Amino acid sequence: MPFDIRQLRYAIAAADHGSFYRAARALEVEQSTLSRAVVKLERSLGAPIFERSRSGLVLTTAGGAFLGGARPMVATAEKLTSMMRDAGQGRAGILRLGLNSAISAGNLRATTFAWRDAHPEVDVQCVEADRRVLFAGLDSAEVDIAILMGTAPSGSLRAEPLWSERILVAVPACHRLAEHQVVHWTDLQAEQILLTTADPGSDIRDLVLGKLALNGRKPNIRLCHCSRETILSVLGNYCSISIVCEGATGALYPDVVYRPIHGEQGPALVGYCGYWRPDNRNPAVMRFLSFVRQRYALSFALSEASSVQEKEGPANGEN
């Protein structure tokens, strides 16, 4: 091609403003630079684009037709440039979030929605699996960040605590505990508790065991080979109960209600951690972590690249 996008952009600006002087001011370049570029473009084409006079510039017939075809080319080039710039800064592209718990409510749902509002050009893709699969996905770059309940040995992965959420008991609407506004751990001692074998069912089981294994008496926990959604879907017809994290309480199930669990120190809470590879090259990862760090007033350190992003200031209403 005997010309470049910059020359086309200068010629279009000159046509729009009717003079090299006004076009140069609009583009914040030297007038001589702009006019030389247009002259070079005309020489490459072998025909004038403009008729020049003291009153300004007028498009020739050929010049008008040429710039009419050039405008979409310049617009496309500028869009591609902007896309590349945004992707390089983590403002566009794909962010793959790994999770192993429900997100019908709670902090992960709120954070994901707030991130999407602030970064509409980033395609957030959720990958739900147990932590073993998610950790393998982090190693293979199929997952960018995994946000999981509790903590786990992470090897070479970076792990940081992010937030805490309440633990609640799910009970049939006709159950005696449904009449309580708050349920204490001691209220659950004699209940059959249904939990899934799927992740994070084992973590919730260990939590319940730690809270209810008093005086050598094991709590009545029944592990089911089905999803947490299946357990909650049929719970209304059982005399049993289940334990869920706050992220699962946005979904409604027939004849099931949720009640917060309290311990001696107040509401029962469980922590969530973020896991990622320090060498992940996706710019959206550091921008997302910076977003989470600011949102929850966390203090973990980020890479130098993310520090530069923070100095640029929040994007599109980040706070």
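In the predicted model, helix α2 (residues 20–27) packs against helix α3 (residues 31–45) at an angle of about 115 degrees, with the axes 8 Å apart. The two helices α2 and α3 are therefore roughly perpendicular to each other. Their crossing is right-handed. On the α2 side, the contact is made by Phe 20, Tyr 21, Ala 23, Ala 24 and Leu 27, which meet Gln 31, Leu 34, Ser 35 and Val 38 of α3. Sorted by class, the residues of this contact comprise 7 nonpolar, 2 polar and no charged ones.

In soluble globular proteins, nonpolar side chains tend to be buried together. The largest nonpolar core of the model has 44 residues, of which Leu 95, Ile 145, Leu 188 and Ile 243 touch the most other members. Helix α9 (residues 283–295) gives the most to this core, contributing 7 residues. With residues up to four places away in sequence not counted, Leu 188 touches Val 169, Leu 177, Val 183, Leu 212, Ile 241, Ile 243 and Ile 261.

Gly 150 lies in the loop that runs between β5 (145–149) and β6 (158–172). Its contacts, leaving aside neighbours within four places in sequence, are with Gly 271, Tyr 272, Cys 273 and Tyr 275. The C-alpha atoms of Gly 150 and Ser 164 are 9.4 Å apart, with a separation of 14 residues in sequence.

Note on methods. Residues are numbered from 1 along each chain as its sequence is written. This is a predicted model: local features need pLDDT of at least 70, side-chain atom pairs count only at pLDDT 80 or more; totals for chains, interfaces and linings use all residues. Side-chain values use heavy atoms; hydrogens and water are left out. Axes are lines fitted to C-alpha atoms, for helices over the stretch in contact, and angles run from 0 to 180 degrees between N-to-C directions. Helices (H or I, at least four residues) and strands (E, at least two) are DSSP runs, numbered from the N terminus. Angles under 35 degrees count as roughly parallel, over 145 as roughly antiparallel, 65 to 115 as roughly perpendicular and the rest as oblique. A crossing is left-handed if the near helix is turned anticlockwise from the far one by less than a right angle, and right-handed if clockwise. Contact means heavy atoms within 4.5 Å. Ala, Val, Leu, Ile, Met, Phe, Trp, Tyr, Cys and Pro count as nonpolar, Asp, Glu, Lys and Arg as charged, and the others, Gly among them, as polar. A nonpolar core is a set of buried Ala, Val, Leu, Ile, Met, Phe, Trp, Tyr and Cys residues joined through side-chain atoms within 4.5 Å. Buried means under 20% relative accessible area, exposed over 50%, partly exposed in between (1.4 Å probe, protein chains only).
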